[in-house]
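Here is a briefing on a two-chain complex. Keep the structure open while reading.

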Amino acid sequence: MNTEKIIKTLIVKKPLKLDCGKTIQNFPIAYETYGSLNSKKDNAILVFHALTGDQFVTGINPVTKKDGWWSYAVGPGKAINTNKYFVICSNVIGGCMGSYGPSHKDSNQNIFGTNFPVITINDMVNAQYNLLNHFGIKKLFSVAGGSMGGMQVLQFISNFPDKSKTVIPIATTSSHSAQNIAFNELGRQAITADNNWKDGNYISNETNPGKGLAVARMAAHITYLSKKGLQEKFGRKLQEREDLKFGFDADFQIESYLRYQGSVFVDRFDANSYLYITRAMDYFDLAKQFKGNLSDAFTNTKAKFFIISFTSDWLYPTQENKDIVIALNSIGADVGFVEIESDKGHDSFLLDVPDFLNALKNFLDKAYEEN
Amino acid sequence: MKNEFQVIADLVEKDKKVLDVGCADGTLMKFLRDNKNINIRGLEISKEKVQECIAKGLTVIEGNAEKDLKQFPDKSFDYVILSQTLQAFLNPELVLDELLRVGKKAIVTIPNFGYWKVRLHLLLKGTMPITKTLPDEWYNTPNLHMCTIKDFFHFVKSKDIKIFKSLGLNNLNSSIINESNLGVKNLFADLGIFLIEK
């Protein structure tokens with residue numbers, strides 16, 4: 001497969017100083033767009049993807065041949081209506097869908113592996129900011145994203161307070177909790193414990209730490225669902241068998257489901273990228289950037305915020321989303337908030353949850369009318 | 001729009017910043033935004049009502065007045081409105097204090113338990129009164145702390161809260177309530193509207 005032809009890239013010439021102290025330049029940002037930019041250039045929405053997402057938001061992802069990760073929310077006539085809005089999304093740096101990451105080569109033509117600099121949410125956002133100049137957009141209509149995408153949304157408006165009219169952080173947090181870090185560490189340990197990981201040099205060693213990456217994905221996948229959702233979908237149902245087999249094959253449907261999720265993930269994702277991106281999430285603490293006062297992250301923006309959480313999301317629970325609302329209210333910012341009823345856990349923002357999609361659509365369309 | 005909202009809207013000057021606590025479907029908020037250029041925010045506990053507000057393009061926070069008012073800084077709104085909800089709180093005194101902390105002024109409306117139809121209902125039928133402003137049965141009413149216009153009037157005075165304006169509403173007619181006509185208004189108004197400040 002020749003992915004170079006289907007992946008659009010912007011080469012960022014300007015040096016970017018990373019939080020770790022290193023500077024990168026002449027690096028690629030892979031992006032995709034949907035809809036068209038109007039003549040006033042006031043209808044652009046920058047969408048940020050989550051941990052394992054990429055720039056292919058909707059339609060068929062040309063690399064994986066599966067539906068884009070936010071197909072329920074983005075597209076013609078959908079909540080983020082591409083007949084009306086110009087949607088831009090790019091692969092985060094550290095990622096593995098064309099943007100500068102650990103599978104790229106350094107100046108000596110060696111694959112980076114774990115020599116790639118450790119990046120942060122702040123670095124990701126600063127890199128993506130170059131897309132605004134690329135498209136000649138002075139001010140975005142909106143920045144939106146769920147989970148790690150929501151963290152980028154918060155960081156973006158903090159770094160560039162007058163660069164978006166509206167701000168939509170979904171199912172997210174302003175600071176990664178101990179529980180979040182713990183789950184990410186579990187995933188990283190699974191990858192690095194795989195003998196095929198080879199200290200991160202599996203590409204040059206022609207091995208693949210697929211087993212470790214699959215386990216990381218399986219563990220993470222559980223955190224994206226709710227107990228009730230899992231129970232209703234799988235319960236104790238057996239997988240293509242009448243009775244227990246008294247062995248360690250996948251007796252239960254839930255086991256088979258998780259194994260499948262793990263196996264399809266390794267086909268599309270890079271193990272080192274998983275390490276780098278989870279690290280960036282763990283390092284995210286927006287309040288800490290402002291001496292512990294989260295409100296100070298937003299004092300310079302007049303943007304209209306709309307924050308959305310889900311009842312069954314225990315990974316980024318309602319309270320963590322409300323903490324952002326509280327920080328904004330304490331400085332009199334324009335902020336709306338709704339908690340959507342859903343059994344689908346953290347994944348709710350990616351799924352067909354009509355109350356969520358309606359709220360998103362109504363908020364955007366009404367705010368655009370005020371333009 | 002109901003007459004109560006018209007009376008409330010008349011109490012608010014143009015171009016102010018207003019918080020509507022228990023804003024329901026946002027009818028009053030929308031009116032204030034569209035007709036008086038009010039910078040309006042809402043707080044609402046019902047998810048369905050919050051969705052209706054979003055569909056009107058209103059800025060609303062899903063939340064509970066008893067817990068969530070504390071996130072707003074002192075005097076951060078010119079007016080805070082509380083329409084017919086005070087009696088439904090576990091601790092109305094605390095909520096009233098919070099309204100007056102967050103707002104430079106507050107507009108509070110209360111269904112009047114001293115209204116003659118309410119009194120007559122209890123006197124003649126001997127069952128809990130059901131009227132237009134008190135539509136629920138005793139077993140499913142959200143109201144925990146019913147009061148009369150007279151009760152509220154005295155309560156506010158005892159807390160050294162300044163009453164700028166108090167109005168009694170009966171169907172379409174609103175009239176000023178003062179110390180001297182309190183007894184009469186307490187009998188003939190089914191709703192009391194108070195503009196107060198601390």
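In this predicted model, helix 5 and helix 7 of chain A cross with a right-handed sense. The two helices, residues 210-224 and 253-268 of chain A, pack at an angle of about 125 degrees, and their axes are 8 Å apart. Helix 5 of chain A and helix 7 of chain A are therefore oblique to each other.

**Helix 5 against helix 7, chain A**

- Helix 5 of chain A brings Gly210(A), Leu213(A), Ala214(A), Val215(A), Arg217(A), Met218(A) and His221(A) to the contact.
- Helix 7 of chain A answers with Leu258(A), Gln261(A), Gly262(A), Ser263(A), Phe265(A) and Val266(A).
- By class, the residues of this contact of helix 5 with helix 7 of chain A are seven nonpolar, five polar and one charged.

**Helix 4 against helix 8, chain A**

- Helix 4 (residues 178-192) and helix 8 (residues 271-283) of chain A cross at roughly 160 degrees, and their axes come within 10 Å.
- That angle makes helix 4 of chain A roughly antiparallel to helix 8 of chain A, the cut-off for this class being over 145 degrees.
- The crossing of helix 4 and helix 8 of chain A is left-handed.
- From helix 4 of chain A, the contact uses Ile181(A), Asn184(A), Gly187(A), Arg188(A) and Ile191(A).
- From helix 8 of chain A come Ala271(A), Tyr274(A), Leu275(A), Thr278(A), Met281(A) and Asp282(A).
- The contact of helix 4 with helix 8 of chain A holds six nonpolar, three polar and two charged residues.

**Helix 1 against helix 3, chain A**

- Helix 1 (residues 121-128) and helix 3 (residues 148-159) of chain A pack at about 65 degrees, with axes 9 Å apart.
- Helix 1 of chain A and helix 3 of chain A are therefore roughly perpendicular to each other.
- Their crossing, helix 1 with helix 3 of chain A, is right-handed.
- On helix 1 of chain A, the residues involved are Ile121(A), Asn122(A), Met124(A), Val125(A) and Asn126(A).
- They meet Met151(A), Gln152(A), Gln155(A), Phe156(A) and Asn159(A) of helix 3 of chain A.
- The contact of helix 1 with helix 3 of chain A divides into five nonpolar and five polar residues, with no charged ones.

**Where the chains meet**

- Chain A puts 20 residues into the contact, and chain B puts in 14.
- On the side of chain A that touches chain B, the elements giving two or more residues are helix 9 (318-329), strand 12 (334-340) and helix 10 (354-369) of chain A.
- Helix 10 of chain A gives the most to this side, with eight residues.
- The residues on the side of chain A that touches chain B are eight nonpolar, six polar and six charged.

**Overall build**

- Chain A has ten helices and twelve strands.
- The radius of gyration of chain A is 20 Å, close to the 21 Å that the globule rule gives for 371 residues, so chain A is as compact as a globular protein of that length.
- The C-alpha trace of chain A spans about 65 × 50 × 40 Å along its principal axes.
- Chain B has eight helices and eight strands.
- For chain B the radius of gyration is 16 Å, close to the 16 Å of the globule rule for 198 residues, so chain B is as compact as a globular protein of that length.
- A box of roughly 45 × 35 × 30 Å, taken along the principal axes, is filled by the C-alpha atoms of chain B.

**Confidence**

- The predictor gives the complex an ipTM of 0.93 and a pTM of 0.95.
- Chain B has a mean pLDDT of 96, and 100% of its residues reach 70 or more.

Terms used: Residues are numbered from 1 along each chain as its sequence is written. Chains are lettered from A and ligands numbered from 1 in the order in which they are written. This is a predicted model: local features need pLDDT of at least 70, side-chain atom pairs count only at pLDDT 80 or more; totals for chains, interfaces and linings use all residues. pLDDT is the predictor's confidence in each residue, from 0 to 100. Two residues are in contact if their C-beta atoms, placed from the backbone, lie within 7 Å. Helices (H or I, at least four residues) and strands (E, at least two) are DSSP runs, numbered from the N terminus. Ala, Val, Leu, Ile, Met, Phe, Trp, Tyr, Cys and Pro count as nonpolar, Asp, Glu, Lys and Arg as charged, and the others, Gly among them, as polar. Axes are lines fitted to C-alpha atoms, for helices over the stretch in contact, and angles run from 0 to 180 degrees between N-to-C directions. Angles under 35 degrees count as roughly parallel, over 145 as roughly antiparallel, 65 to 115 as roughly perpendicular and the rest as oblique. A crossing is left-handed if the near helix is turned anticlockwise from the far one by less than a right angle, and right-handed if clockwise. The radius of gyration is taken over C-alpha atoms; the globule rule is 2.2 Å times the number of residues to the power 0.38.
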